[in-house]
Every structure is written in structure tokens, then in C-alpha cells.
Amino acid sequence: MLHSNLSPAVPSHSLRTTLTWTIGALVCLLAWDALGQDRALAHAFGTGTGFPMRDQWFFVQVLHEGARRTAWLFLLLLTLGVWWPVGLLRRIDLMERLQLAVSVLVALGVVSSLKSLSATSCPWDLAEFGGVARYASHWALGIVDGGGGRCFPAGHASTGFAFLGGYFALRRRQPRAARLWLAASLAAGLVLGGAQQVRGAHFMSHTLWTGWLCWTTGWLCDLAAGWLRQRFAFADSPLPPESSPHATT
């Protein structure tokens, strides 16, 4: 009996669920912004003379520099794995491996581009924390706050959140691994964003918006990949016999 080598399609109820979670998260983010809790939370870690943990070794060397280098190394391995897959990557096809790597790069590009256009300064730049800038919401477009700007969204949190797109690339063939990947990416983004919050590098909204942007980017990449499969009738590359869902022992 012949088996189709097309990957399993994502059922319509999964698309509805993804849309529901995406919109629900957006509503929560807008509510957080409307409640104006960013500065209150920042004052839990900062004083009128700055943020005591700004230069703390663990936050700087491990959770900032170390995490950044590790993430770039992991991305390099994922990119090489498109053509030379190992481990989990052997259980998905070529297009899904490519989608995984590309979605990470696109998410990083989206966050970096928005950050470069932002006039919002970091908490440690504000006068209330010993800096020179005045507070201005990231929604106050075009308002110069007197600081260095380029602080929204949170670039370092994207070191973890950018990998959220892997959930979409994995969920067809490896749903359990996809859920674990999702949890790990969320945890990494929140931990790294939280570390920057403690240091005074970002407000909490910066981190939360980064997570939402990376999630949405990963989903859009998934929709684009699905469209390309249908438009050009891409067939899946064969899986290695030992990981093929139709292999026998």
C-alpha cells in the first residue's frame, strides 16, 4: 500500500485555537499597557540613583553575554541542520527544517528593525532612575524623551522568544516535541527578559511585546510555508528509515 509523503495538514480547529491565543495575548498586552504598570514594576528593582543589579556578574556575563552567544550557536546548528539534520531534525522534512531556521531569523529581524526605529529609552536612562530622559510610552510615536531611544521592543528577550516559530515547524510530525519546544522558548524569553528588567534595561511591556511579535511572526511564517507547499506542490523529502512514521522493526 502506498502512503502519501505529504506532511499531515494542520486541522482547522488548530488554526482557530492559534488565532484565539494570539488575539487573547494581544488583548492582555494592551490591558497591561493601559494599566500603566511598567514604571511601578521598574521601581521594585531601581532607585533614584539607578539599578543596583545593572552590573551584577551573573546577569551580565551569564544571562546576557552567555545566553546571546549560546543562542547564536544554536541558530547556526539549526541552519546547518537544514541540510545535515541530526536528532529531532531528522524527524521532520526539509521544508519544515527550513521553516524552523527561517522563522527564527525573521523574528530576530522584526524585533531588531522595530527596535532601531523606536524613540523609547530604557528605564536606566530615565531621570527617575538617575538618568536624563523623561518617561514616554512606546505608543507615543515621534516623541523624543531626551534619552538614547531604541529600547522597544526588548532585543535580548528575542534571544529566547525568536525560537517560538519552531513550535509551528514541529507540530505536524512531532506534536509532543513541539509543545516542549514551545515551553522552552517561552521560558527562555521570560527569563532573559526578566533579567533585563532587573538590570533596568527594559520595562516588562518590552519583553511581553517581544514575545507576542515573535509568536506572531512564527505563525505567519508557518502560514507562508503552507501556502508555498500548496502553490508549488512541494513534496516532503524522505525521512531516514529509522525515524520514518511508516518504518517497521
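1. Helices here are DSSP runs of H or I with at least four residues, and strands are runs of E with at least two, both numbered from the N terminus. On that basis the chain has eight helices and zero strands, and reading along the sequence gives the pattern α-α-α-α-α-α-α-α.

2. A word on provenance before the details. This is a predicted model, where local features need pLDDT of at least 70 and side-chain atom pairs count only at pLDDT 80 or more, while totals for chains, interfaces and linings use all residues. Residues are numbered from 1 along each chain as its sequence is written, and side-chain values use heavy atoms, with hydrogens and water left out.

3. Now the overall picture. Of the 249 residues in the chain, 45% are buried; buried means under 20% relative accessible area, exposed means over 50%, and partly exposed is in between (1.4 Å probe, protein chains only). The chain exposes about 13300 Å², and carbon and sulfur atoms supply 68% of that area. Accessible areas come from the Shrake-Rupley method with a 1.4 Å probe, and for residues only the protein chains shown count as cover. Contact means heavy atoms within 4.5 Å. Among contacts between residues at least 6 apart in sequence, 79% join residues at least 24 apart.

4. E65 and R69 are four residues apart in helix α3, so about one helical turn separates them. R69 counts as exposed because its relative accessibility is 52%.

5. R173 deserves a point of its own. Its salt bridge with D93 has the closest N and O atoms 3.7 Å apart. R173 lies in the loop between α6 (165-170) and α7 (175-199) and D93 in the loop between α3 and α4, so this pair ties together parts that are 80 residues apart in sequence. D93 has a relative accessible area of 0%, so D93 is buried. E96 also forms a salt bridge with R173, here with the closest N and O atoms 3.1 Å apart. That pair links distant parts of the chain, since E96 is in helix α4 and R173 in the loop between α6 and α7, 77 residues apart. E96 is buried as well, with a relative accessible area of 0%. Salt bridges that share partners join D93, E96, R173 and R229 into one network.

6. D33 is worth a look as a contrast. D33 sits in helix α1 (residues 12-35). D33 is buried yet has no salt bridge, and the nearest side chain of opposite charge, R39, is 12 Å away. For that assignment, Lys and Arg count as positive and Asp and Glu as negative, while His and the chain ends are not counted. Leaving aside neighbours within four places in sequence, D33 is in contact with H138, W139, S205 and W209.

7. On to the cysteines. A disulfide is a pair of cysteine sulfur atoms within 2.5 Å, and by this rule the count comes to one. C122 and C151 form it, with their sulfur atoms 2.1 Å apart. The link of C122 and C151 is right-handed, with 110° about the S-S bond. Both C122 and C151 lie in the loop between α4 and α5 (158-161), so the pair ties together parts that are 29 residues apart in sequence. C122 counts as buried at 11% relative accessibility, and C151 counts as buried at 0%. As for other cysteines, C28 is exposed at 54% relative accessibility, whereas C221 is buried with a relative accessible area of 16%.

8. Finally, the surface. L73, F74, L76, L77, L80, W83, W84 and L94 form a nonpolar patch with about 860 Å² of accessible area together. Patches are made of residues with over 30% relative accessible area and no salt bridge, where like charges are joined within 9 Å and nonpolar side chains (Val, Leu, Ile, Met, Phe, Trp, Tyr) within 5 Å. Helix α3 (residues 57-81) gives the most to the patch, with five residues. L94 is found in helix α4 (residues 94-117), and L94 counts as partly exposed at 35% relative accessibility.

Definitions and conventions. A salt bridge is a side-chain nitrogen of Lys or Arg within 4 Å of a carboxyl oxygen of Asp or Glu.
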